[in-house]
Amino acid sequence: SHRCPYCLVLTPFPFISSIFPLFGHVGIGNSKGIINDFSSSNYVTIDNMGFSWPYKYVLLNPSEEEKNEWDSAIGEANKLFTKKRFGIFDTNCHSYVCHILNSIRYKGRSDYSKCDIMMMMVRDGVYINKCSVVKVYIWPLLFMCIVAIIVSLVICL
């Protein structure tokens, strides 16, 4: 049921997504929709996202030539990234997705960056369902309410 062919997917990243809901863990679906993601050092997860199932996706529109290279590019990235150390700010899930899009020259480009991936999610991302929206925004809202209550109490005292 968690199939997203030719899609980028986003799932919440523990704690960080609770405060900043637009930040999360990304993966990419192969031609059959099986999600691949670089979730920790020397480990690429296949069909079992590293943190949870996606709540948001971006449907990509590859050309026929790009579709022919799609699965092999993911397979090559999987081999390469199983030899890499995961780092929050350098080699991470966004790097993995960028590597794949750059290797197939998606939309004629070979310069995708982490910011491009994040902007695609913000601009073109679609929530899986209405429940996903609630799951994503309930924690930041609760966090802001708690902060507001604490600040109010401090000011009043």
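Which residues have the most contacts inside the largest nonpolar core? They are Leu8, Ile28, Trp70, Tyr96 and Leu101, in a core of 28 residues. A nonpolar core here is a set of buried Ala, Val, Leu, Ile, Met, Phe, Trp, Tyr and Cys residues joined through side-chain atoms within 4.5 Å. Buried means under 20% relative accessible area, exposed over 50%, and partly exposed in between (1.4 Å probe, protein chains only).

The model is predicted: local features need pLDDT of at least 70, side-chain atom pairs count only at pLDDT 80 or more, and totals for chains, interfaces and linings use all residues. Residues are numbered from 1 along each chain as its sequence is written, and side-chain values use heavy atoms, with hydrogens and water left out.

At least two residues of the largest core come from each of strand E1 (7-12), strand E2 (24-29), helix H2 (64-81), helix H3 (93-103) and helix H4 (114-124). Helices (H or I, at least four residues) and strands (E, at least two) are DSSP runs, numbered from the N terminus. H3 gives the most, with six residues.

Beyond its neighbours within four places in sequence, Ile28 is in contact (heavy atoms within 4.5 Å) with residues including Leu8, Trp70, Tyr96 and Leu101. Cys7, Val9 and Ile35 are also among its partners. A second, separate core of five residues includes Cys7, Val9, Ile35 and Met49.

The structure holds zero disulfides, a disulfide being a pair of cysteine sulfur atoms within 2.5 Å. For Cys7, the nearest cysteine sulfur is that of Cys4, 5.2 Å away. Cys7 counts as buried, at 3% relative accessibility. For Cys98, the nearest is that of Cys115, at 8.9 Å. Cys98 is buried, with a relative accessible area of 5%.
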